[in-house]
Amino acid sequence: MLVKRLFCSYAKALNRLQRAPSASKHTSSDYNDVAPFECRSLVRNFSIDANHPPDDGQKPVTTVSLYHMKKIIKASGTVLGESVEGPTCIQTVCPVCHVVPGGAEGKPISDAIRSKIFVNKTTGNFTCSSCQYLGRWDHIEKFFPPTSRTPKTVQELRKLRDAFLELKGEHVGTVCPIPGDAIAVDTVERAREVIKFLSLENIIPDTLVSVKARWNEDKRELFIPLLDVEDRAIGYKTLHVGSDGEVFERTVPETNASGLVYLRCNPSNPVAKAKDLSQHNAILVLNVLDLLALGSVKLNATAVCLPHGLKALPQQCLPGLERFQRLTLWFNYDTAGWDTARNYAKKLDERRCLFVRPTDQHPTPYRALLEGTLELKAILSKAQPILHQSITTFRSLRQDVLSDLQNIDKVQGVKWKRYPTLNKLLKGHRKGELTVLTGPTGCGKTTFMSDYSLDLAQQGVSTLWGSFEIRNTRLAVTLLRQMVGRPLDENLSEFEQWADAFERLPIYFMTFHGQQPIKIVMEAIEHAQYVHDIQHVIIDNLQFMMGVLDESKHLDRYWKQDAIIAAFRTFATKRNCHVTLVIHPRKERDTDELTTSSIFGGAKASQEADNVLIIQDKRLTSVRGKKYLQVAKNRYSGDLGIMPLDFDKASLSYAQRKKKPDGDDGGSNEGPAGSEQIDRTVRRAF
C-alpha cells in the first residue's frame, strides 16, 4: 500500500512538471494565476485554491502531502543546503531567487544573499522572507533541483523562472510604514510622558522603548511596529484615547498582517541560561496593553502580540513563531477567548501550546495588573497543556466547567440582533453545532439563511457560504440589500459607501456551483477554516453533493446522504465550527405540516443535528395562512416553539422590526437594517 501511494505521488508530480512548460502561452497563465500577498478585502470568492479567479473552471487544489514536500526539499539539499523543519513550517532556501536551472548548481550560495522561504506543512503555501510573497506549493515545486534534468527541461525552467521572478517583483507583500511625522520613543523621559497622557497605569516606560514605539504629538497616537520574520517593520498597531477615556487599538493593515509585536521580558536572573530560555518561550496575547503589562514582570519569556486578536491568525504569521519551543496562550477570560485559543493551538501545533484557562481567577495581564490582587507569575504558572486524549477526568474538566458557569451568557453563543425570538428559543449561535434547515420549495430558505448569517457576520462571526443553487453574485446582491434595508438599484450613488462597509464583514464564498463531490467540498471547507478561522459554514443545499459520479448510480442515495451528514458532523465537532445544512423535505401533501421526519433521506440528519429549523408555509393552503419558522429540535436547552416570518420585500428580510411611526420612509434607523445599526455592528466587530 505504501509503495502504491509513493508511486501515485511521483506520477502526479511528474505530470505537473510535464504539463507546466508545455507552451509559452500556458507558461504565462501559470504565473498570472498566482495571487500576490497583499492586504485583501474580507469579502471575496473563495475556493481551496483562493489564488485562482472564481470562475476559471479549475479544480480545487487538495492539501499537499507533507511526505511529498519533505522528499522534494530533502532531495535538493545538496544544492540549496539543509532545510529546517519546524512545528508548522519547513524553512529552506528559495530555489528561484538565487538558483539558475542548469547553471553551476554545485556552487555554494553565500549566506548573505540567501532568500529563505517558509513552506506551510498543512496547506503547502510558501512565504518568502525577503519580500513577503505568498504563493502555492505547486508553483514553486518544479524549481527545486532534482538529481538530473534534460537540456530541454532546463531551458523551459529558465523561462518559467524569469516569468516567476518578474511577477514576484511586481507583487511583493504590502508594507505599511509608520507615518513619518511620528517621533521615536527612545528615551525613558519621553516614554513617561506618553504613558501619562494615555493613562497606562503601572506600565514601565522601558517597555515602550523596547518595542520601538513612536509617538505622534499632534494626533496623540502611539505607534507600535509589527515585525516580520526578518525583524522588518511591515505594519503597525496604534493606541489612542477616546472621548470617554478608553484606550482604543487598531491594526494596519486591517487584514492578513504578517507581522507580530515582540517584547522580551526581563529575566529574573540575568544570566546566559535565562536569556537563552527567554528566546524559546513565548506568551501570546491579543492586544498591546497585555503585552506591555507582561513587560513589567520579570519572566524568562518573550511576549508576543498577535495582529488581529480573536478575528484570525494569518498563516503568514506562523514563521515568526517557529523559533519558540513553547507557546503560552493567554487570551480573554471568557468562552470566546477559550474557543479561539483551542483553534489557534491546532494551527500552531498543540504539542507546544499551553493555555491560561479563562476564569475570574485568571484575568488578562493588563486587567490583573490594574487589579493588583493577583500576580502575573502566579497566573502564568497555572497554564496547562491540552492535547487530544481519549480519556479524561473531572479534575481536567474542572476549570472548563467553572469557566462555563462564570460566562453562562457567552457559553450560550452569539445572540441575534434581528431575531430576538430565536434568542429565547435557541439561546444563541454556538460553535461546534450542526443545524439543519428545511422547508417546502420556494418558501424562502436561502433568503432567510442569508439574513440569518448576515446578522451573525455583523457581530464578527466569520462565515463561509457554499451556495450550490444560486451564483455568488446574486447571493451577494441579496446580502447587500438585506444589510442596507432597501434596493440599491434605485440609489446607486450610495453603492460605494455600502459596498465598503460590506467588504469589512468576514464573509467568504465558495466558488462551487451545481453538483459537487463531497470530497472536494470538504477539502475547501477545511482549508478555509484553517486559513481564515471560519466559525460558521453554510451549505445550500445538501442534495447538490449527491449523485455526481457515474458510480454513484449504483449506490444507495440514503446511504450516501448519511455519509455526507456524518462528514459535516465530524468536521463541526473536530474543528469547533458551526455548520448549517439546508436540506429539501420529502414530497408531502401541502395540507400537512412538516416535521423532523419530513427531512429528505434517512433519520441520520435529524439524529445528528443539534438544531432542526423548519419553515412552515401555510399561505397557499389557508385563507389566513401564515409563514413561520419552527424550532423542532434544540439539543442545548430543549426549548421548542415558532417564530412568525413577516417578509419585507424592500429589504428582502424577515427581521423582526419595531413599529415605524407614521410618515416613515422605510429608512429608519430603528430596525436592524438601518445604517446606524449596521455601522455600529461593524465597528463592534472590527
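Trainee: Which residues does L222 touch, not counting those up to four places away in sequence?

Mentor: L222 touches V185, V194, L198, L208, A213, R214, W215, K237, T238 and L239. Contact here means heavy atoms within 4.5 Å. One caution: this is a predicted model, where local features need pLDDT of at least 70, side-chain atom pairs count only at pLDDT 80 or more, and totals for chains, interfaces and linings use all residues. Residues are numbered from 1 along each chain as its sequence is written, and side-chain values use heavy atoms, with hydrogens and water left out.

Trainee: Which residues have the most contacts inside the largest nonpolar core?

Mentor: L208, L222, L294 and W330. That core has 43 residues. A nonpolar core is a set of buried Ala, Val, Leu, Ile, Met, Phe, Trp, Tyr and Cys residues joined through side-chain atoms within 4.5 Å. Buried means under 20% relative accessible area, exposed over 50%, partly exposed in between (1.4 Å probe, protein chains only).

Trainee: Which helix gives the largest share of this core?

Mentor: Helix α10, residues 288-294, with six residues. Helices (H or I, at least four residues) and strands (E, at least two) are DSSP runs, numbered from the N terminus. Another core, of 37 residues, lies apart from the largest one. Among its members are W416, V461, L480 and L505.

Trainee: Switching to helix pairs. At what angle do α20 and α21 pack?

Mentor: About 10°, with the axes 11 Å apart. α20 covers residues 518-532 and α21 covers 557-574. Axes are lines fitted to C-alpha atoms, for helices over the stretch in contact, and angles run from 0 to 180 degrees between N-to-C directions.

Trainee: What does that angle make them?

Mentor: Roughly parallel. Angles under 35 degrees count as roughly parallel, over 145 as roughly antiparallel, 65 to 115 as roughly perpendicular and the rest as oblique.

Trainee: Which residues of α20 and α21 meet?

Mentor: I518, M522, I525, E526 and Q529 in α20 meet I564, A567, F568 and F571 in α21.

Trainee: And how do α18 and α19 cross?

Mentor: At roughly 100°, and their axes come within 11 Å. So α18 is roughly perpendicular to α19. On the α18 side, L479, L480, M483 and V484 meet F495, W498, A501 and F502 of α19.

Trainee: Last one. How many helices and strands in the protein chain?

Mentor: 23 helices and 25 strands. The chain has 686 residues, and 52% count as buried.
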